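Please show the model, and let each label be set against its definition.

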Amino acid sequence: MSGIIGSKINIRGSGRIAKLGTDGQVLTSGGAGVAAAFEDVVGGLSWQAVETGSTMTAVAGEAYWVNTTSNACTITLPATASVGDSIIFADYARTWGTNGIVIDSNGLNYQGDDDSYDVEYGTDGLAIAITYMDATQGWIPTIDEAVTDAPSKGNQEGIFGYGTAGSVTAVTNLVSNAGVVATDTTGVGTARRDVMACEYGGDKGIFGFGTTGSVTAVTNLVSNAGVVASDVAGVGTARRRGAACSYGEDKGIFGFGCCSVTSITNLVSNAGVVSSDVTGVGTARYQLAACEYGGDKGIFGYGGATPMSMTNLVSNAGVVSSDVTGVGTGRALSSACGYGYDKGIFGYGYYPDDYVSITNLVSNAGVVASDQAATTGTGRRESAATQYGGDKGIFGYGDNPSVVSMTNLVSNAGVVSSDVTGVGTARSGSAACSFN
């Protein structure tokens, strides 16, 4: 088995993948980059109830899930040990990066050092197996590896909301996990158009900003059942025709907009709380679009009174980058959504005197591809788009120049379908996000 040798202060996980087994098994490592496997051993370890306290005393032959959601934990090892004694500690809630564990070797050596050192572990998802070697070496980590987090699989359902059909509306239309759009749901909250929307909290959504004739910063939360809440008082600069996307897997960001053209942003917490203005980065513009990519990052792209194709990446901490040179046809009033779990697509829009249906795929590294040949769908502007079915997307509504309600599905390979007959109120200037 491979051992991990490191400093007695702030010992960290190796970052390799490990798996957790069942009672009667211990962790062994297959070497760097190889998933750890379990091998049955005589007198295997016994998994105990989850530990949540700030202190605990370990017993040889036992394995522990340590939940540090509320506090760090100091673990005291047995005062005596025999050669071959083993203990396992595993991060129950992937919170050791915030609240770590400290191991007190209780008078015995740890990796050859005496008990005058603190042994700290602080990596999310870590699993540690230690075995007592002898009085000289003491306890030795025989495995010290991070269990990979399950990849985000995307939300299953979506929602189109708000817009204008000659007059502003708050009507919404749910999208099933098969991409089927439902009939109108009576609107909740302030009717408005030119709104933005994104996911937050992993399974919920938020509509925000827009105009009733006057710009507003009001928001409306969407539950994980697709129910839209009443108005929440606006935070930040009132504006319209900006864009929004998720980032960090469970948070969101509103950015850019007008009528005083701006690049300011407002972050959305994983509880749906909108922050005050963050100073803008990149070229101020409006009539742009945004989507997520890479599982935990986002991208703003295109837009402008004079159509542009530049983009601005959003890190998994919600930090917007400076301008990235544009790829593809500059256009305004397009829309964007995620697909394939970790990629995105910009589509449709308005290029001077022309309603277009061109699309541009976004890789899982945030690289925008050149124009795809015009899709089979109807060229239009002021559409909306959202993810559905976990790994697929849908463009819907818009105008050309009359308002329309047709939709176009996006496969998990980024292929856009021909028009699907519209359902619900034809309108433009709406927004969409996923939930559930």
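**Labels and their cut-offs**

Q: Where does Pro78 lie?
A: Pro78 is in the loop between strand 6 (73-76) and strand 7. Strands here are DSSP runs of E with at least two residues, helices are runs of H or I with at least four, and both are numbered from the N terminus. The model is a predicted one, in which local features need pLDDT of at least 70, side-chain atom pairs count only at pLDDT 80 or more, and totals for chains, interfaces and linings use all residues. Residues are numbered from 1 along each chain as its sequence is written, and side-chain values use heavy atoms, with hydrogens and water left out.

Q: Why does Pro78 count as buried?
A: Its relative accessibility is 13%. Buried means under 20% relative accessible area, exposed means over 50%, and partly exposed is in between (1.4 Å probe, protein chains only), so Pro78 is buried.

Q: What is Pro78 in contact with, leaving aside its neighbours within four places in sequence?
A: Contact means heavy atoms within 4.5 Å. Beyond those neighbours, Pro78 is in contact with Ala58, Val59, Ala60, Ile87, Ser105, Asn106, Leu108 and Trp139.

Q: Why is the pair of Tyr64 and Phe89 called stacked?
A: The structure holds 10 aromatic pairs. In the pair of Tyr64 and Phe89, the ring centres are 5.9 Å apart and the planes are at 20°, so the pair is stacked. The rule takes rings of Phe, Tyr and Trp (its six-membered ring) with centres within 6.5 Å; planes under 30 degrees apart are stacked, over 60 edge-to-face, and the rest tilted.

Q: What makes this pair tie together parts that are apart in sequence?
A: Tyr64 belongs to strand 5 (residues 62-66) and Phe89 to strand 7 (residues 86-91), so the pair links parts that are 25 residues apart in sequence. Tyr64 and Phe89 are both buried.

Q: What makes a polar contact with the side chain of Tyr64?
A: The side chain of Glu62 does, at 2.5 Å, and Glu62 is in strand 5. A polar contact is a pair of N or O atoms within 3.5 Å; within protein, one must be able to donate a hydrogen and the other to accept it, and residues adjacent in sequence count only if both atoms are side-chain atoms. Apart from its neighbours within four places in sequence, Glu62 is in contact with Leu45, Ser46, Gln48, Ser86, Ile87 and Ile88.

Q: How do you know that the charged end of Arg192 sits over the ring of Tyr162?
A: The charged end of Arg192 is 4.6 Å from the centre of the Tyr162 ring. The definition asks for NZ of Lys or CZ of Arg within 6 Å of the ring centre and within 35 degrees of the ring normal. The charged end of Arg331 likewise sits over the ring of Tyr302, 4.5 Å from its centre.

Q: Why is Tyr162 called buried?
A: Its relative accessible area is 0%, so the label is buried. Tyr162 lies in strand 12, and its phi is near 65°, a positive value in a residue other than glycine.

Q: How do you know that strand 12 and strand 29 pair?
A: Two strands pair if DSSP finds at least two bridges between them. Strand 12 (residues 157-164) and strand 29 are joined by 5 bridges and run antiparallel. Gly158 is opposite Ser434 of strand 29.

Q: What makes strand 29 mostly covered?
A: In strand 29 (residues 431-435), 5 of its 5 residues are buried. Ala431, Cys433 and Phe435 are on one side, with Ala432 and Ser434 on the other.

Q: How many helices and strands does the chain have?
A: The chain has 0 helices and 29 strands. Buried residues make up 50% of its 436 residues.
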